[in-house]
Structures are given as structure tokens and as C-alpha cells.
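Hi,

Here is the structure I promised to pass on.

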Amino acid sequence: MTSLDLVIRARRVITAAGEAPHAVGVRDGRIAAIAPYDAQLDAARELILADDEVLMPGLVDSHVHVNDPGRTDWEGFTSATRAAAAGGVTTIIDMPLNSIPPTCDVPALELKRKTAAGQAYVDVGFWGGAIPGNLAQLRPLHDAGVFGFKCFLLHSGVDEFPPLAQDELRLVMREITAFDGLLIVHAEDAHRIDDAPSPKGASYQAFLLSRPRAAETKAVAGVIELARRTGCRVHILHVSCADVLPMIARARQSGVRITAETCPHYLTFTAEEIPDGATQYKCCPPIREAANRELLWDGLRDGVIDLVVSDHSPSTIELKRLDTGDFGEAWGGIASLQLGLSAVWTGARARGFTLADVARWMCQAPAVPHKGRIETGYDADFCVFAPDATFVVDASTLHHKNAITPYDGRRLDGVVRSTWLRGALVDIDAGPRGRLLTRGGHG
């Protein structure tokens, strides 16, 4: 009888200790052994990676809008999780809005779980929503296993997920603190944006002015102050403005429990390169200038930004208004779930970062139990990555539902050769094997 189900040998394996040659043994879907490359391990199957391949942990993307149920012409669990698997992502956490109903009470969570069951090619967890009027639903959602609660401080883009006013935000933070939950915040200040110029028309510069840097700084300052008063754990979503980084660093040093993320598009694109009318680049908060982009990379280097996630926010092609190029009318969201690893690696290697850095930001830092590390006891979720291979993005070949992305035609470094979920190769042409996750539990 063999002691292991699988052994993968690779000259380059990324663990929390860095990069080294290893033999990784798998039993019953978990990592059971990490041994020297040439170690004698008895297994039913052995895989030896090519010299140009790296064994990384499966990526954890904790910011994905699947939009299912309710807006399945935008995306769905089948298409989203296939795209995730093709990009080396083995776990996604689904956002509570853009689906109908939003995940703001336990019945809505149960409906979403029922919808996702049998469609997921990778493992899926769920965020809950914090909106006006659902304060009493937060603890039941927490008890039902959501990973935390998302809120907006301005219009979310969909009417069924309204923003929290300042007094409501304070009450939500107090409630979440009572059970030591996590609040994740889209931090742009509604009043600053209301006072900004209209984003109508094809001018990207006009759109950029409609979402000013001060809207982010004011919102983050307010979140920090309330977190300081209430003790609530808070996480700042999709940081686009580097001005907030010193604020977050100071808050953390003074004891505020705060983390932050950014996204591949903020680390890749610059406002200067976006043509007028190119609404495939529209997202909120917006892609800013080149100098700002470099400061975001510095934030990753300094550890002020903890993680990098896609904020995959797809829509139909019609809603992006490519016909008019009107940034005021177009849906604000970027589809990139399949491309995040390659996009980030392309920028990271050019700035002297390593694959171990990328794995820390995109696998380990989301801190999903049993996920994101090549470590004994963790799920045997792997991404086999060829970092020196390159490819040109063709939107028509990507697996998310609508073939539009600002990465179309862009050359990226690093190719995902295969993705493994709990010790088995993910085959997106076969049946789905993903599980539904709960906070603190195991799928």
C-alpha cells in the first residue's frame, strides 16, 4: 500500500520560507510531506515538473464579483471559476453585490450557495453585505460562515446595494466588533465625488477628475477614525490612490486593526496611456497616473499593502458602452480574473520582486484557512507556473463570460501550465469539483 497519493517534484517550489527544490507529497487532498527534491517517497503517482516550471500555491482571489444569481448575462459561477482555474486561482471569495438578491441576509446566502453548488471548478467562499437596515442580519450571516462584510460609502452602481451613511457605518462597526468580524470597505467619499465634475463624455481625464484622490483620502481617514473608536477590524478594498498609504501605516502603528489591498490593473496601467473612449479601462476608483502606480508598488514593498486581488467586476459588452466611449455611462469594472498572476508578475519582476513576493501577496495574505501555502496540513492546491514564458492576451480566448478586458493585446510574462485542487488536476472541460467554503471551516 502506498503512503501517498501523489508526489510532485520541482526544482523551484515556493513556500513561506522562499524558493527551493522540493518533493511535495499529497494524501487525501492535503499536503502531507515537503521533502528534499530527491527524497524517496512512496506514492501512487509522481509528477516531475519541467525545468522552466515553478510549483506555487494555488492563488486565493478574495475580491470577485460572480453576479450569480440575477445577472448571469454578466458572469456566473461556471464561467468565473473556469477563468479562475485557467489563471492558477484555486479559491475565490464572492462579493455580495451585483447578484440579485445581494448577500445581505441568510436566505440570500443560502440561495447563492445553492446556485454555486455543482457549478464551481475551484473552491468558493462568500462575503456578506452591510447595507442600511440589515444590522440585525450581520451576526446571523457571520454565524452562517461568511468571511466578513462589505460596505460602500457612496452609490455602489446597483440600487439594491445602497451605501452606509456615517452614523450607520458606526453602528455596523460596533456590531461587527461584538463578534470580532471583519468589515471590508469601498472607501470613496460620496460628498467629494458629488462635488467633482461630471464624468460625461469620452475624455479619460474628465473621468479621472470625477473620482478625485481626495475622495479616497477622506473616506479612508473616516474609516480609520471609526475603527480606532470601535476597535473594529477593517480592510480597505482596491486602493488606487497612494496618498492613503501613509495614513494606513500610521493607523496600523497606533494599534488600529487595518489591512489593505490593491489590484493588478492599478499596478499595470497608467492614466497617461488610456485613450479617450476606451471604456474597457473604466473602474472605480480609477486607474491613476504613472507616478502613483510606482508608489503603489512601493506600498507592496513596504508591506503597507497586504495583498493583490483582481476585483473581477465584469459586465456585458453593451454595458461598457464601447459604441459611444462615454465614461459617464459605461459600467465601471475590469474583467481580469484569469490574468492576475501574469499581470502582477510582469510588473513585479521588472521591479526586482520575486515569485515568493507574488505568492505572499496573492496566495498567502488573503489568509483563507487551509489555503494559499505549500505547507503540511494545507490543501494540496497548486499552480504550475512558467515565469519566463510570455503570451499576448486575446480576450476572445479567456474563460470569463464576456470577451472584454483592457489587457486584450497586451504581452504578459508568465504562463499558467496547470492548476491543481486538493491534489487533482483541474480540468475545465470536465465536471466541476470545487467546494463551498465557510469562514474558519473546511469545504
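Which residues of helix 8 are buried? In this predicted model, they are Leu245, Met247, Ile248, Ala249 and Ala251. Those buried residues pack against helix 7, strand 12 (233–236), strand 13 (258–262) and helix 10 (290–302).

The pairing of helix 7 with helix 8 deserves a paragraph of its own. Helix 7 covers residues 213–230 and helix 8 covers residues 245–253; their axes come within 10 Å and cross at roughly 10°. With angles under 35 degrees counted as roughly parallel, the two helices are therefore roughly parallel to each other. On the helix 7 side, the contact is made by Thr217, Val220, Ala221 and Ile224, which meet Met247, Ile248 and Ala251 of helix 8. By residue class, this contact has six nonpolar members, one polar and no charged.

Three strands form an open sheet in the order 6-7-8, with parallel pairing. Strand 6 (59–64) and strand 8 (123–126) are at the edges with a single partner strand each, so one side of each has no neighbour in the sheet. From one strand to the next, the twist averages 20°. Four bridges join strand 6 to strand 7 (residues 89–94) in the parallel sense, and Val60 has Thr91 in strand 7 as its bridge partner. Helix 1 (residues 77–86) packs on this sheet, touching strand 7 and strand 8, and its direction makes about 140° with that of strand 7.

Best wishes

Methods: Residues numbered from 1 in each chain as written. Predicted model: local features only at pLDDT ≥ 70, side-chain atom pairs only at ≥ 80, totals over all residues. Heavy atoms only, no water. Axes fitted to C-alpha atoms, helices over the stretch in contact; angles between N-to-C directions. Parallel < 35°, antiparallel > 145°, perpendicular 65-115°, else oblique. Contact = heavy atoms within 4.5 Å. Nonpolar A, V, L, I, M, F, W, Y, C, P; charged D, E, K, R; others polar. Buried < 20%, exposed > 50% of the residue type's maximum accessible area, 1.4 Å probe, protein only. Pairing = 2+ DSSP bridges.
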